[in-house]
Amino acid sequence: MQPGEVSTFESYVSSVEQRAVSALSLARVGQSTHVPPGLLDGQAGAALRETIPLPARRKSGAFFSSSALRAAAFDACPDETEPSARTLDPAVGAGDLLIEAAKALPIDQDLAQTLQQWGDLLHGRDIEPAFVRLTKARLVLLAIARGAVAVGSGRPSSLGELFPGIQVGDGLDLLRSAPPVTHIVMNPPFTYRIAPPEMSWASGRTSHAAMFLAAAAEGALPGTRLTAILPDVIRAGSRYERLRSRIEGLLRVSSIESYGRFDRWTDIDVFVLRGVVSNELADAPAAQWWQQPNGERVGDRFDVRVGPVVPHRDAQTGPNRPYLHATTIPLGGEFDVAAADTRGFTSGLFEPPFVVVRRTSRPNDGSRGLGTVIVGSEGVLIENHLIVLKPQDGSLDTCRQLVRVLDTSNTRRWLDGRIRCRHLTVRALREMPWWDS
Ligand SMILES: C[S@@+](CC[C@H](N)C(=O)[O-])C[C@H]1O[C@@H](n2cnc3c(N)ncnc32)[C@H](O)[C@@H]1O
């Protein structure tokens, strides 16, 4: 975010800090303060959306988690049975995940005592100083909302001195340095970075959240429990296959759950990963990144690949040939190549019969994964927005069977669970169960 943009959010941060400071002063003379519930749930995210434009929030990856998402993520969080749980959020934002963790921490009636204990147990980093200040102020208000008041001789410290483990800084660096914590909770930035050469599982433009996940699994002490809210591309995208196997070698993964859209303002699907960093994974069951079909798969009957023609890149040197592209193919049914557009031949003609599926589609879109049987007597060129499924037995009947298999609620449910990004992958289609039609 630009300095000017943060300053519009700054007045909200100052108002929350003032509330926390005055609540601390009142507590020192034995008086309690009413803390509006919204202040601890939702208001910080709303203030951010109102004051910082979406492009700036996207650029810095600042999206605070909603209470529904936190509830989905947090059944594995520190609870009263673990009063000494030390929790780190390496990309803390306004502190929503730490607030969730602190709700389960023991509360001493004495505010000074409580804040000191919580200060030992709660750790966080954010590169944005205003977010760090907001986190501290909200944690103070949480302790007061949970009933802590100043009693005895202990006087709560000033805001700046509280929570020494929550600091401005790079959370990735901290994760890599074996932080002495028992729990890591995170919803890291969904921005992109160029992967450095030493990051063996990545190349080029890579999800920053994936880097946080790798750093947590590589850097945390054995036994550390990890709960991570992550973009779905890490769970299902082919680019992150190497990262997934790396994670399985470092983390005993206990659950992977698709959550759906981040929130109603943020159109990106997320999942929640939970696991324990471990040195002994020889006997660990494989992580279930998606539901693995047991029986026959589409890939057992079809060769699956992406159409090879990139319209604006490929030269059209040869004679015109029928050309299939996503905008002109009907959804479902059959299409004869005699009715197709044409374009100059490059290479890679496909002989009918075969099935095509659009690559771009959304989860819960009724037409997701619908196939069209391509028939005709000529070889055809195919654009790269289509996936081609060529029957190994060369039979038109097998193609028709596939289109029936694709058009079932079983398939749609399976696809939505397998891949929630906007692009279907060749691998997902190969792995798709061949439901008995
Ligand atoms: C998606 S928000 C999540 C905030 C919070 N954990 C939550 O769930 O509401 C990601 C946060 O990461 C911060 N961030 C971006 N890069 C970072 C880095 N290298 N180290 C620490 N924090 C970073 C952003 O400022 C933002 O507050």
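Tutor: The domain bounds used here come from an automatic or database domain assignment, and the model itself is predicted. That assignment gives domain 1 as 3–52 + 67–277 and domain 2 as 298–431. Taken over C-alpha atoms, the centres of domain 1 and domain 2 are 44 Å apart. Eleven residues of domain 1 and ten residues of domain 2 take part in the contact.

How much area gets buried between domain 1 and domain 2? It comes to about 780 Å², and carbon and sulfur atoms give 37% of that. On the domain 1 side, Ala236, Asp267 and Asp269 lose the most area to domain 2, and together they make up 46% of what that side buries.

Now for the polar side of things. Between domain 1 and domain 2 the count is one salt bridge. Look at Glu241 and Arg427: their side chains meet in a salt bridge, at 2.7 Å from N to O. As for polar contacts between domain 1 and domain 2, two residue pairs are counted, with both residues at pLDDT 80 or more.

Which elements of domain 1 touch domain 2? Helices H11 (232–236) and H12 (241–248) each supply at least two residues of that side, and so does each of strands E8 (251–263) and E9 (266–277). H11 gives the most, with four residues. Sorted by class, the side of domain 1 that touches domain 2 has six charged, three polar and two nonpolar residues.

Methods. Residues numbered from 1 in each chain as written. Predicted model: local features only at pLDDT ≥ 70, side-chain atom pairs only at ≥ 80, totals over all residues. Heavy atoms only, no water. Contact = heavy atoms within 4.5 Å. Buried area = accessible area lost by both parts, 1.4 Å probe. Salt bridge = Lys/Arg side-chain N within 4 Å of Asp/Glu carboxyl O. Polar contact = N/O pair within 3.5 Å; in protein donor to acceptor, adjacent residues only side chain to side chain. Nonpolar A, V, L, I, M, F, W, Y, C, P; charged D, E, K, R; others polar.
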